[in-house]
Amino acid sequence: MDYAQHLAEFANILEQKRLVTGLEGNASVIDRETGLTYITPSGRMKLLLQPDDIAVVNAAGEQVEEQVGGSGRRSSEYFLHEAIYQARPDVNAVIHCHCPYLTAYAIRYEDFIVPENCSLHVVFQRFVCLPYGKNGTHEIHRGIDKALEHSPICLLGGHGVVCVAANMESCIGLLEAAEGFAKTLFLANHR
């Protein structure tokens with residue numbers, strides 16, 4: 001698989017669906033065989049990314065320029081992605097974003113609880129909200145291993161959202177469904 005091409009295409013979809021913006025949010029995929037992580041570059045519109053823009057980082061955390069892709073500067077949230085890949089060997093895709101309805105819960109430092117009578121309750125029950133951790137540091141992922149034990153999504157207090165899955169297509173689907181339900185719940189509570 002061409003991981004850089006794959007990630008560039010899905011990053012484009014993320015921005016089209018308004019799950020990320022030109023300046024906020026990032027996504028990554030990992031090649032478990034080589035240990036290379038492919039991550040969207042910092043401060044770039046995901047809608048315009050090409051495979052050569054994708055940053056490639058080795059298992060030691062060093063950006064590898066000689067790989068296919070890798071010309072972009074890795075996202076400042078690389079440590080968050082790497083902590084998730086270490087904690088969850090079943091995960092090969094990570095999205096970190098600031099989609100508005102779920103992020104509203106993160107800004108209020110509230111867990112998001114899916115009502116039992118909702119059809120999505122089969123997939124999601126609760127999104128744990130972690131305490132604030134400064135972005136771009138190891139603080140941001142403190143407790144993420146526990147928060148993602150029973151859910152593919154967690155909230156980063158005062159900051160945003162993280163979604164994980166076995167592949168990027170599933171990751172986007174889960175995030176889109178959760179954000180859509182958060183919007184529906186907001187509308188139902190504010191009519």
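Me: Before we start, what should I know about the model and the numbering?
Reply: It is a predicted model, where local features need pLDDT of at least 70, side-chain atom pairs count only at pLDDT 80 or more, and totals for chains, interfaces and linings use all residues. Residues are numbered from 1 along each chain as its sequence is written, and side-chain values use heavy atoms, with hydrogens and water left out.

Me: Why is Leu 48 called exposed?
Reply: Exposed means over 50% relative accessible area, buried under 20%, and partly exposed in between (1.4 Å probe, protein chains only). Leu 48 has 54% relative accessibility, so Leu 48 counts as exposed. You will find Leu 48 in the loop between β2 (36–39) and β3 (55–57).

Me: How do you know that Arg 108 and Glu 110 form a salt bridge?
Reply: The term asks for a side-chain nitrogen of Lys or Arg within 4 Å of a carboxyl oxygen of Asp or Glu. Between the side chains of Arg 108 and Glu 110 the N to O distance is 2.7 Å, so the pair qualifies under that definition. Arg 108 is exposed at 60% relative accessibility, whereas Glu 110 is partly exposed at 27%.

Me: What makes Asp 111 and Arg 126 a salt bridge?
Reply: Their side chains meet at 2.9 Å, N to O. This pair links distant parts of the chain, 15 residues apart: Asp 111 is in the loop between α3 and β5, and Arg 126 is in strand β6 (residues 126–127). Helices (H or I, at least four residues) and strands (E, at least two) are DSSP runs, numbered from the N terminus. Asp 111 has a relative accessible area of 28%, so Asp 111 is partly exposed.

Me: How many salt bridges does a search of the whole structure find?
Reply: Six. Among them is Lys 146 with Glu 149, at 3.5 Å, N to O.

Me: What makes Tyr 109 stand out in its phi?
Reply: Tyr 109 has a positive phi of about 60 degrees although it is not a glycine. Most residues other than glycine have a negative phi. Tyr 109 sits in the loop between α3 and β5 (112–113), and its 44% relative accessibility makes Tyr 109 partly exposed.

Me: Which other residue has a positive phi, near 65 degrees?
Reply: Arg 18, again a residue other than glycine. Arg 18 lies in the loop between α1 (3–16) and β1 (26–31), and Arg 18 is exposed because its relative accessible area is 70%.
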